[in-house]
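Open the model in your viewer and colour it by chain.

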2 protein chains.
Amino acid sequence: MSLLTETVAAIMPASADAMAAAEERQSMLTKPRGSMGPLEDVGTRLCGMYGECPPPLPEPAAIAVFAGDHGVCAQGVSLYPQEVTLQMVGNILAGGAVVNAFSRQVGAEVTVVDIGVAGELEAAPGLLVRKVAAGTADMTTGPAMTAAQVQAAVEVGIDVAREVIAQGNRLLAIGDMGIGNTTASAALISVFTGLDVADVTGRGTGIDNAMLERKVSVIEKAIKINAASPKDPIAALAAVGGFEHAGMVGFLLAAAALRTPVILDGVIACSAALVARAVAPQAADYWVAGHRSAEPGAKVALAHLDLVPLVDLELRLGEGSGAALAVPFVQASARLLREVATFDSAGVTDKK
Amino acid sequence: MSLLTETVAAIMPASADAMAAAEERQSMLTKPRGSMGPLEDVGTRLCGMYGECPPPLPEPAAIAVFAGDHGVCAQGVSLYPQEVTLQMVGNILAGGAVVNAFSRQVGAEVTVVDIGVAGELEAAPGLLVRKVAAGTADMTTGPAMTAAQVQAAVEVGIDVAREVIAQGNRLLAIGDMGIGNTTASAALISVFTGLDVADVTGRGTGIDNAMLERKVSVIEKAIKINAASPKDPIAALAAVGGFEHAGMVGFLLAAAALRTPVILDGVIACSAALVARAVAPQAADYWVAGHRSAEPGAKVALAHLDLVPLVDLELRLGEGSGAALAVPFVQASARLLREVATFDSAGVTDKK
């Protein structure tokens with residue numbers, strides 16, 4: 001049995017009993033019912049994930065940033081040259097990127113997984129070198145990854161999730177670094193939602209109308225030439241995805257199998273989540289939407305995943321920055337159930 | 001010279017030089033320009049408030065919860081009996097309220113100011129007893145506060161802000177506790193924005209349509225009988241405000257005079273901010289909108305204050321809970337300017 005098959009087989013749905021207990025407890029806490037909006041839903045879902053009410057405090061938190069390059073950059077879909085992937089991974093490892101600043105703010109550890117960067121990185125604390133290849137192939141001329149590559153990349157993601165959970169982390173988040181990866185993400189979102197490419201493709205780092213039109217036609221061509229279909233999710237992932245996406249798919253499935261919540265970042269993580277859900281629908285019980293990205297594909301993907309984002313700040317960076325900012329919200333939702341007194345225990349008169 | 005006059009005279013506008021330096025720095029950081037949405041604006045504004053770029057890290061943070069009762073409760077405007085104010089203050093002092101749970105999450109200290117609770121509180125850590133009176137008078141039969149009371153309450157707010165800043169806090173937030181205080185808030189918002197009462201009045205803790213209609217007519221009557229007008233802000237505050245609101249007005253002005261940012265919570269804090277801005281327009285340079293409350297009056301007030309809320313979670317609790325959740329966002333916005341590398345310093349290629 002492959003590592004992927006074994007992982008999928010281990011995924012259990014969230015505990016309905018724990019969620020029912022959480023709903024009852026929410027109604028007894030000293031606050032007007034429903035006054036905590038989506039945080040109440042997240043708290044209840046955490047109980048289902050961990051299988052207990054109240055849930056444990058979801059800490060420590062760890063953010064895994066999957067980094068890879070994209071052959072489709074040859075088609076001129078990004079404002080930044082491909083070398084920026086390698087440079088920005090260096091910046092993250094030096095602690096100078098936005099995800100580092102935000103992670104320090106929220107007390108989360110950052111791990112970078114080189115799963116497909118085109119270039120060599122020196123060993124550094126916080127870097128896991130699990131390179132499957134030096135970037136994907138150009139998806140407009142054939143599959144971005146071979147069958148062996150996509151399997152290896154998914155297995156990297158499974159291994160990484162197991163490792164960070166074994167280190168004691170109880171709340172995970174995923175981010176990305178890869179010039180060109182909003183192109184692969186839009187392709188996956190179109191394939192897995194059935195929506196037109198033009199409706200799910202955004203400006204990434206800030207391209208103009210002409211480049212956006214080009215990006216849409218590049219994606220349409222890639223989907224067509226590869227006959228990418230949601231019926232074979234892993235084949236579709238290989239066809240138009242990236243190594244980051246494949247790593248995230250494995251990570252999302254393994255975290256679900258180990259009943260550990262994962263906060264999704266923006267369009268890259270959300271597109272990977274669509275693939276992972278197609279592989280194992282129950283795994284989605286373990287995911288929380290970190291933020292509402294400015295990318296149109298992210299909004300579409302979250303709607304299809306039936307997840308309500310916690311942070312809404314028009315962020316469009318990636319790296320896991322939006323997921324990082326959601327960490328205190330997820331932890332706060334657990335604190336509501338763990339720490340807030342009930343009307344009875346506090347001697348507060350309930351409403352008339 | 002009165003304490004209020006002295007405080008207003010000390011308010012200086014935010015530093016235009018520091019904000020210009022911040023805008024320039026934002027464009028050099030290793031992220032697509034504008035990709036941090038409103039967090040970039042908050043970071044730039046922090047530079048203006050503190051008068052330096054990059055700004056200091058806005059910590060430690062302190063939340064002042066102003067608590068008071070409202071004579072207008074006699075008109076049947078709330079689902080909860082008036083005694084809940086006293087009970088919930090006890091709950092906050094015991095650490096069992098939502099604002100406590102959220103403050104622990106974000107590392108903020110909570111101080112409760114009894115500025116007008118109808119009932120006696122035992123001395124407790126975190127409680128400042130600065131009671132002006134045991135609740136306001138019923139605003140439908142005359143002014144809620146006398147001229148002497150409103151002056152005393154504003155001065156309490158000034159004193160409290162000075163104290164928490166003297167303790168070393170560099171980021172402040174304000175919250176409230178007071179059954180009936182969304183009624184006073186809607187009245188103030190209608191007076192200071194000129195909008196119809198019906199357009200700025202919400203369901204508070206969750207009243208039904210019939211009670212909402214009653215609440216609107218109660219507020220209309222109070223504004224009319226007191227001839228409340230924005231031309232004399234302190235008189236309007238006395239007429240239809242509450243002790244919490246008056247305390248917040250003083251707090252907001254004193255924090256501005258001491259160049260210290262204040263995060264506004266929901267509809268109560270936002271209504272107080274409208275009054276404070278009418279007294280001293282420059283003071284608004286020092287305020288940050290914590291969250292987009294579910295109360296319609298809060299949205300209106302924020303639009304009039306030209307502030308963009310950071311948290312959007314449909315919260316409708318008060319206590320400072322929404323402001324507490326915004327604390328890490330404000331701190332993260334400072335970290336962007338303090339900690340993120342520039343394209344030059346990180347050796348990252350800028351866009352083509």
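How many salt bridges are counted between chain A and chain B? The count is two in this predicted model. For one of them, select B:Arg104 and A:Glu339, whose closest N and O atoms are 2.8 Å apart.

Next, select the whole interface of the two chains. Chain A brings 56 residues to the contact, and chain B brings 56 residues. About 4800 Å² is buried between chain A and chain B, with carbon and sulfur atoms giving 63% of that area. Show A:Tyr80, A:Gln105 and A:Leu313: they supply 13% of the area that chain A buries against chain B, more than any other three residues. Across this interface there are also 18 residue pairs in polar contact.

Now keep the side of chain A that touches chain B. Elements giving two or more residues to it include α4 (83-93) and α14 (321-339) of chain A. The largest share, nine residues, is from α14(A). By class, this side has 28 nonpolar, 15 polar and 13 charged residues.

Then stay in chain A and colour domain 1 (3-56 + 337-346) and domain 2 (61-329) separately. Their C-alpha centres lie 28 Å apart. Between these domains of chain A, about 2000 Å² is buried. Select A:Leu3, A:Ile11 and A:Met49, which supply 29% of the area that domain 1 of chain A buries against domain 2 of chain A.

For the last stop, find the one salt bridge counted between the two domains of chain A. A:Arg162 and A:Glu6 meet in a salt bridge at 3.2 Å, N to O.

Key: Residues numbered from 1 in each chain as written. Chains lettered and ligands numbered in written order. Predicted model: local features only at pLDDT ≥ 70, side-chain atom pairs only at ≥ 80, totals over all residues. Heavy atoms only, no water. Contact = heavy atoms within 4.5 Å. Buried area = accessible area lost by both parts, 1.4 Å probe. Salt bridge = Lys/Arg side-chain N within 4 Å of Asp/Glu carboxyl O. Polar contact = N/O pair within 3.5 Å; in protein donor to acceptor, adjacent residues only side chain to side chain. Helix = DSSP H or I, 4+ residues; strand = E, 2+ residues; numbered from the N terminus. Nonpolar A, V, L, I, M, F, W, Y, C, P; charged D, E, K, R; others polar. Domains from an automatic or database assignment.
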